[in-house]
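Here are a few notes to read alongside the model. Have a look at the structure first, then go through the points below.

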Amino acid sequence: MPARQRRAAGTRGVTGEILLQLLETRLDNIVYRLGFAASRAQARQLVRHGHFQVNGRRVDIPSYQCRPDDIITIKSTSTAEAVVRAALVQFRGAEVQIHL
């Protein structure tokens with residue numbers, strides 16, 4: 001059984017809902033949901049290449065579990081700024097999820 005499933009099964013509550021919460025709080029998923037990337041694959045690559053910071057610290061692990069008060073920013077010296085801007089223009093009409 002994969003680690004995320006074990007963690008969800010070991011936590012009190014409905015296992016399926018807890019698993020979905022764990023998946024939704026991954027950094028690569030949040031970058032995608034905020035519109036910083038056009039696809040989840042692109043979000044994963046941008047995170048892996050170190051273009052984002054969480055609470056002022058560089059994080060390059062796509063599976064990093066974000067917490068509710070974490071602040072996610074693009075690095076000021078990032079070379080991917082144009083890619084993020086293009087994704088934001090494409091995302092402009094969509095709604096940001098309430099939990100983000």
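**Notes on the predicted model**

1. Let's start with the second largest pocket: its lining residues split into three nonpolar, four polar and two charged. Keep in mind throughout that this is a predicted model.

2. Who are they? The lining of the second largest pocket consists of Arg 7, Thr 11, Ile 18, Gln 21, Leu 22, Thr 25, Gln 65, Cys 66 and Arg 67. Helix H2 (residues 15-24) supplies the largest share of that lining, three residues. As for volume, the second largest pocket comes out at about 200 Å³.

3. Now the largest nonpolar core, which has 15 residues. Leu 27, Val 31, Leu 46, Phe 52 and Ile 72 are the ones with the most contacts inside it. Two or more residues of this core come from each of helix H3 (27-33), helix H4 (40-48) and strand E1 (52-54).

4. Leu 27 deserves a click of its own. Leaving aside residues up to four places away in sequence, Leu 27 touches Val 47, Val 54, Val 59, Ile 61, Pro 62, Tyr 64, Cys 66 and Ile 72.

5. Last, Ala 86, which sits in helix H5 (residues 81-91).

Terms used. Residues are numbered from 1 along each chain as its sequence is written. This is a predicted model: local features need pLDDT of at least 70, side-chain atom pairs count only at pLDDT 80 or more; totals for chains, interfaces and linings use all residues. Side-chain values use heavy atoms; hydrogens and water are left out. A nonpolar core is a set of buried Ala, Val, Leu, Ile, Met, Phe, Trp, Tyr and Cys residues joined through side-chain atoms within 4.5 Å. Buried means under 20% relative accessible area, exposed over 50%, partly exposed in between (1.4 Å probe, protein chains only). Helices (H or I, at least four residues) and strands (E, at least two) are DSSP runs, numbered from the N terminus. Contact means heavy atoms within 4.5 Å. On a 1 Å grid over the protein atoms alone, a cavity is a set of points where a 1.4 Å probe fits but cannot get out, and a pocket is an open set with protein on both sides within 12 Å along at least five of seven lines; lining residues have an atom within 4 Å of a point. Grid points are joined across faces, edges and corners, and a volume is the space filled by probe spheres set on the points. Ala, Val, Leu, Ile, Met, Phe, Trp, Tyr, Cys and Pro count as nonpolar, Asp, Glu, Lys and Arg as charged, and the others, Gly among them, as polar.
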